[in-house]
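The sequence and structure are shown first.

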Amino acid sequence: MASEQFVKALQDQIGHEFSAHQQYVGIATYYDALTMPQMAALFYAQALEERDHAMMMVQYLLDQDQRVVIPALAAPRMDFADVVEPVAAALEQEKRVTAQINELTRLAREDNDFASDQFMQWFIKEQVEEVAKMSDLLAVVTRSKDDYERIEDWIAREETGEGSDPTAPPIAGA
């Protein structure tokens with residue numbers, strides 16, 4: 001059974017993941033309004049991924065016979081100064097989520113909650129990928145901030161999308 005402090009922290013994390021989902025929708029609509037369909041599609045996909053992460057956590061709590069709590073969320077940021085700012089915000093968000101995931105893992109280990117520790121391992125791997133992806137994107141967008149077509153071309157060329165990961169935790173409702 002999952003430890004009490006881990007469950008509480010995971011319930012909070014569900015809110016963080018849904019908040020990241022909303023923020024990525026906000027970023028996607030910013031790029032959509034600029035007629036940057038590649039950037040918009042990338043962030044719409046990121047939003048879905050964050051939603052799935054929240055639902056994986058929901059399913060884990062259900063599987064552990066724990067109460068699911070969905071926290072209230074603040075509105076996402078919708079306005080940005082330029083095309084670089086949303087990606088910089090996304091990178092900071094991914095770094096923040098990485099720290100949160102690491103803290104969840106620490107709590108599980110501190111309580112000898114081996115099942116929860118194992119559950120968190122997939123998220124640790126995922127966060128390494130997400131931070132690297134946003135770091136690369138920030139470098140490209142910063143370098144090409146005055147050439148939207150160059151940014152769009154890079155995304156079209158480099159962003160291949162992700163296939164399903166058979167090691168991913170199950171998603172509630174899927």
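The expected span of a helix is 1.5 Å times one less than its number of residues. α2 has 27 residues and should therefore span 39 Å; its end C-alpha atoms are 38 Å apart, which agrees. The model is a predicted one. Helix α1 (residues 4–33) has 30 residues and reaches 44 Å between its first and last C-alpha, close to the expected 44 Å.

A residue with positive phi follows each of these helices. After α1 comes Thr-35, with phi near 55 degrees; after α2 comes Asp-65, with phi near 60 degrees.

The count of salt bridges comes to 11.

| Salt bridge | N to O distance |
|---|---|
| Arg-109 and Asp-117 | 3.0 Å |
| Glu-158 and Arg-157 | 3.2 Å |
| Asp-165 and Lys-125 | 3.0 Å |

Asp-165 is partly exposed at 28% relative accessibility, and Lys-125 is partly exposed at 35%. Asp-117 counts as buried because its relative accessibility is 14%, under the 20% cut-off. In the remaining pair of the table, Glu-158 is partly exposed at 42%, while Arg-157 counts as exposed at 52%. Salt bridges with shared partners also join Glu-103, Arg-106 and Glu-110 into one network.

Asp-82, Asp-146, Asp-147, Glu-149 and Asp-153 form a negative surface patch. Of these, Asp-82 is found in the loop between α2 (37–63) and α3 (84–110) and is partly exposed, at 33% relative accessibility.

Definitions and conventions: Residues are numbered from 1 along each chain as its sequence is written. This is a predicted model: local features need pLDDT of at least 70, side-chain atom pairs count only at pLDDT 80 or more; totals for chains, interfaces and linings use all residues. Side-chain values use heavy atoms; hydrogens and water are left out. Patches are made of residues with over 30% relative accessible area and no salt bridge: like charges are joined within 9 Å, nonpolar side chains (Val, Leu, Ile, Met, Phe, Trp, Tyr) within 5 Å. Accessible areas come from the Shrake-Rupley method with a 1.4 Å probe; for residues, only the protein chains shown count as cover. A salt bridge is a side-chain nitrogen of Lys or Arg within 4 Å of a carboxyl oxygen of Asp or Glu. Lys and Arg count as positive and Asp and Glu as negative; His and the chain ends are not counted. The place of a charge is taken as NZ of Lys, CZ of Arg, CG of Asp or CD of Glu. Helices (H or I, at least four residues) and strands (E, at least two) are DSSP runs, numbered from the N terminus. Buried means under 20% relative accessible area, exposed over 50%, partly exposed in between (1.4 Å probe, protein chains only).
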